[in-house]
Amino acid sequence: MELTALHLTDYRSYPRLELALKPGVTVFVGPNGQGKTNIVEAVWYLATLSSHRVPHDAALVARGQQTAIVRASFLRAGRPLQVDLQITPGRSNTARVQGAALSRLRDLLGEVRAVLFAPEDLSLVKGDPDGRRRFLDELLFEIAPRFASVKADYDRVLKQRSHLLKQMRSMKRGGSGRSVGGLDPAETAASTLEVWDTQLAGLGAELTRARIHLVNRLRPHLGYSYLRVATDEGAEAALDLSPEDRGTVDSPADIGYRGAVVDALGAPDGTLPSTLELRDALLAIIAERREDEIDRGVSLVGPHRDDLEIRLNDFPAKGYASHGESWSLALALRLASYDLLRLEEGDLGDGEPILMLDDVFSELDAHRRERLGRIITGARQVLITTANDSDIPDSLEGEIQVVDVTRGSAVVREGGFRRGIADTGSAAW
């Protein structure tokens, strides 16, 4: 997939931006705070309907404005694709594909394929489980957009069920409950809870199975990508292995899906339980923990509590991996995502995703920087943000398009990239 043009209106620091792009490597360069990340964030939003920096849309709209517009032109499988998105905080965002309005915003998922690596990704290794769940779901929705609807339905049921559990906790502690049709309030609540249990288990099993399947497909790419990032030999183009061969590589890095249901089934990594097995196991655990859930007024079991376990040398990476190893693991997760989309999903005619590196080279040591440069050389399209040309590795070969970014402006530089010229972040390279 290739981004050919990007138009922004009142998006963050850009009152208006019109930018044409080419395949290959494009570097957005300029001092910090000028809006480089805003450009790749806009593309990422089209792919995932979320920002990698902020949880709410209000920050995406320029100060004093009510709406931001992101308009992008792509080539996908050799065919033009036009996507328009209107972001209006406090109201429903709207989108058009090929000029036709989408009835639901989440129908946009799957149209734009991209992989973004940013400094925030260090939290994938060191942070809380919610970030790792979000990582899995974003990738899942790019591959199989229908699961966005499953996740939305699950979240709706979870919210209703949790609200009911809080009511039942209040009743248990002596709170008043109103009679409904002469029925005891506690009995009515218990009967309603069983309905929510059934729905939660059905949707939860479907989402859990999709995540397990995704992790199983991601594992060989993750182990191989870690070796490519962590060792000089692994990054050599001659050692680029096919998906079939990557599972045989002996790597210290591994991942597995963890949760109460998976643990109860005793399913080892690499296996895929049926949806029925997962649903029945989830219902059984819910029944076992019902009193505990009522006492705490919260749903304690389901995919909203699961985690992606990242391991290094058979130890949990969180708390065990060094800072450099954590960076390598985080980068390997994104490269594994890129390879999964490029190698295993390419047969669908989608082509490889757009690869975006947001201020990454400055965070990596010289060795990892050079390895990453060798790995991404030859990718169809790479978008890179950086404040200094000295952060661009020598191993990144080929023609490099440079875009000078100052606040509210992004201009393609004539002559492109030239090595060997000192730079402070805004002068010619």
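Biologist: Where does N313 lie?

Modeller: N313 lies in the loop between β10 (307-312) and β11 (315-316). Strands here are DSSP runs of E, at least two residues long, numbered from the N terminus. This is a predicted model, in which local features need pLDDT of at least 70 and side-chain atom pairs count only at pLDDT 80 or more, while totals for chains, interfaces and linings use all residues. Residues are numbered from 1 along each chain as its sequence is written, and side-chain values use heavy atoms, with hydrogens and water left out.

Biologist: What is the phi of N313?

Modeller: Most residues other than glycine have a negative phi. N313 is not a glycine, yet its phi is positive, about 55 degrees. D10 is another non-glycine residue with a positive phi, near 55 degrees, and is found in strand β1 (residues 2-11).

Biologist: Does "buried" or "partly exposed" apply to D10, and which to N313?

Modeller: Buried means under 20% relative accessible area, exposed over 50%, and partly exposed in between (1.4 Å probe, protein chains only). D10 has 17% relative accessibility, so it counts as buried. N313, at 40%, counts as partly exposed.

Biologist: Which strands pair with β14?

Modeller: Two strands pair if DSSP finds at least two bridges between them. Strand β3 (residues 24-29) pairs with β14 in the parallel sense over 5 bridges, and F28 has V403 as its bridge partner in β14. Strand β15 (residues 409-412) runs antiparallel to β14, joined by 4 bridges; V405 stands opposite A410 of β15.

Biologist: How many residues separate β14 and β15 in their hairpin?

Modeller: There are 2 residues between them, and G408 in the turn has a positive phi of about 85 degrees.
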